[in-house]
Amino acid sequence: MEELRVTEGGRVGPIDSSRIPRYAGAATFARLPRLDQVDRADIAVVGVPFDSGVSYRPGARFGGNHIREASRLLRPYNPALDVSPFERVQVADAGDMAVNPFNINEAIETVQQNALDLTGDGTRLVTLGGDHTIALPLLRAAAERAGSPVAMLHFDAHLDTWDTYFGAEYTHGTPFRRAVEEGILDTEAISHVGTRGPLYGVRDLEDDRRFGFGIVTSSDVYRQGVDEVVDKLRQRIGNRPLYVSVDIDVLDPAHAPGTGTPEAGGITSRELLEILRGLRGLNLIGADVVEVAPAYDHAELTGVAASHVAYDLVTLMADTLTPATTPKDQ
């Protein structure tokens, strides 16, 4: 079947949903072209089907394609930010990284190298997980491309700064402790957002503060409101290169049941999207959306939320990029 695409600003855009139904055809992210169908991409959306680092419910290896399926309903214009991201820059789906599900160390190395390969010509990545283990190699690649430690906003119910699980240093609960230890995070500009739920002990918070993390809990979002939270985050980040990591369990299970480690009392999808939109103008160099586990999802609630989060992250990137690609009609 011929792919009838929207072409805006000379960019190769999504399949035209006025001519081909949204439920038909290949499920690339937002029905965008594959990376091999364009000369190059300013922003690439890539999947990492890996969940060997989970400590509770598995299934996030299927998250990327679940998000892609849910993204069929996305449209080219983002009115919340008044940006048409697919017209402004070339966005493409880079498919999935092929990572070893039986060897975490090898998988981490593969993700890091693939991320470096994909960003070698200036392309920025929005990655669809997969479990949160993959954030470590993605941060390594982002810091290498930035030439310095990077700022990070970590949206999650959990801290993910524990030391080990069963003696393992690389799991979905340890990536940001490793990142601090490796010196790839700017510890004056890192913060958790949306944390909540029981911990193993007060030392978890003491360690986290020692690493340099600020914490905005889900209760803080509720009591202070989005605008105050955004103001605090922007002051902390400044103009540093910023990486945003979104564990979908930052949302309350009412909004995202399809995840491996759900916690009651989370933020709403509206609050998450409004906080992200409040980051407009910051130097967003990379992002991920992880821990979507479709086996526990209902009516695509989690997939829909995750697809909109990824769409807003793409829009934020597109808004600040100077397009490197040359429109085909010029």
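User: Which residues is Phe-155 in contact with, leaving aside its neighbours within four places in sequence?

Analyst: In this predicted model, Phe-155 is in contact with Val-193, Val-244, Ser-245, Val-246, Asp-247, Val-250, Leu-272, Ile-275 and Leu-276. Contact here requires heavy atoms within 4.5 Å.

User: What makes Phe-155 stand out in the largest nonpolar core?

Analyst: That core has 55 residues, and Phe-155 is among those with the most contacts inside it, together with Phe-29 and Val-244. Helix H10 (residues 301-320) gives the most to this core, with ten residues. A second, separate core has 33 residues, including Ala-44 and Ile-184.

User: Why is the pair of Trp-162 and Tyr-200 called edge-to-face?

Analyst: The structure holds two aromatic pairs. In this one, the ring centres are 5.9 Å apart and the planes are at 85°.

User: How do you know whether Trp-162 is buried or exposed?

Analyst: Its relative accessible area is 12%; buried means under 20%, so Trp-162 counts as buried.

User: And is Tyr-200 buried or exposed?

Analyst: Tyr-200 has 65% relative accessibility. The cut-off for exposed is over 50%, so Tyr-200 is exposed.

How values were computed. Residues are numbered from 1 along each chain as its sequence is written. This is a predicted model: local features need pLDDT of at least 70, side-chain atom pairs count only at pLDDT 80 or more; totals for chains, interfaces and linings use all residues. Side-chain values use heavy atoms; hydrogens and water are left out. Rings of Phe, Tyr and Trp (its six-membered ring) pair if their centres lie within 6.5 Å; planes under 30 degrees apart count as stacked, over 60 as edge-to-face and the rest as tilted. Buried means under 20% relative accessible area, exposed over 50%, partly exposed in between (1.4 Å probe, protein chains only). A nonpolar core is a set of buried Ala, Val, Leu, Ile, Met, Phe, Trp, Tyr and Cys residues joined through side-chain atoms within 4.5 Å. Helices (H or I, at least four residues) and strands (E, at least two) are DSSP runs, numbered from the N terminus.
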